[in-house]
Amino acid sequence: MKIYQVGGAVRDKYLDHPSKDKDWVVVGATPEMLLKLGYTPVGRDFPVFLHPQTHEEYALARTERKTKPGYTGFTVYAAPDVTLEDDLQRR
């Protein structure tokens with residue numbers, strides 16, 4: 001299991017802007033692994049968890065595939081074999 005900071009906070013760091021929002025992606029893990037480590041599940045449609053101490057959001061690496069029109073018309077695949085690159089392409 002590896003954890004990476006992603007999203008706007010990374011961009012803001014390189015632009016020397018302050019950032020409050022931290023996004024984390026977890027690669028090589030399952031929901032069961034995070035639950036054993038004390039993370040709290042909060043994602044209804046996606047595998048998102050709150051860190052036991054910081055309460056920041058940690059999302060399992062995932063891919064999405066469009067299946068219907070609209071915001072809910074897609075399927076999510078989150079598994080230990082989804083790479084960081086796969087997740088970043090989705091973003």
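Guide: The model is predicted, and the UniProt annotation "domain: Poly A polymerase head", from an unreviewed entry, covers residues 3-91.

Visitor: How far apart do the end C-alpha atoms of residues 3-91 lie?

Guide: This is the span that the UniProt record annotates as "domain: Poly A polymerase head". The span is 22% helix and 29% strand, and its end C-alpha atoms lie apart by 16 Å.

Visitor: In what order do the strands of the open sheet follow one another?

Guide: Strand S1 (residues 2-6) pairs with S2 in the antiparallel sense over 5 bridges, and S2 in turn pairs with S5 in the parallel sense over 3 bridges. S5 also pairs with S4, in the antiparallel sense and again over 3 bridges. With mixed pairing, the open sheet of 5 strands has the order S1-S2-S5-S4-S3. S1 and strand S3 (40-41) each pair on one side only, which makes the edge strands S1 and S3.

Visitor: Which residue in S5 stands opposite Val25?

Guide: S2 and S5 pair in the parallel sense, whereas S4 and S5 pair in the antiparallel sense, where Leu50 stands opposite Glu57 in S5. For Val25, the residue standing opposite in S5 is Ala59.

Visitor: How many residues of S2 are buried?

Guide: S2 has pairing partners in S1 and S5, and its residue Asp23 stands opposite Val6. S2 is largely enclosed by the rest of the structure, because the number of its 5 residues that are buried is 4.

Visitor: Which element gives the largest share of the lining of the largest pocket?

Guide: About 170 Å³ of space lies in the largest pocket, and the elements that give two or more residues to its lining are strand S2 (23-27) and S5. Among the lining residues are Asp23, Trp24, Glu57, Tyr58 and Ala59, and by class the lining has 5 nonpolar, 1 polar and 5 charged residues. The largest share, 3 residues, comes from S5.

Visitor: Is His51 buried or exposed?

Guide: His51 has its place in the loop between strand S4 (48-50) and strand S5 (57-60). Leaving aside neighbours within four places in sequence, His51 is in contact with Tyr39, Glu56 and Tyr58, and Tyr58 is also one of the residues that line the largest pocket. The relative accessible area of His51 is 15%, and since the cut-off is under 20%, His51 counts as buried.

How values were computed:
Residues are numbered from 1 along each chain as its sequence is written. This is a predicted model: local features need pLDDT of at least 70, side-chain atom pairs count only at pLDDT 80 or more; totals for chains, interfaces and linings use all residues. Side-chain values use heavy atoms; hydrogens and water are left out. Buried means under 20% relative accessible area, exposed over 50%, partly exposed in between (1.4 Å probe, protein chains only). Contact means heavy atoms within 4.5 Å. UniProt positions are given in the numbering used here, feature names are shortened, and annotations may be inferred rather than shown by experiment. On a 1 Å grid over the protein atoms alone, a cavity is a set of points where a 1.4 Å probe fits but cannot get out, and a pocket is an open set with protein on both sides within 12 Å along at least five of seven lines; lining residues have an atom within 4 Å of a point. Grid points are joined across faces, edges and corners, and a volume is the space filled by probe spheres set on the points. Ala, Val, Leu, Ile, Met, Phe, Trp, Tyr, Cys and Pro count as nonpolar, Asp, Glu, Lys and Arg as charged, and the others, Gly among them, as polar. Two strands pair if DSSP finds at least two bridges between them.
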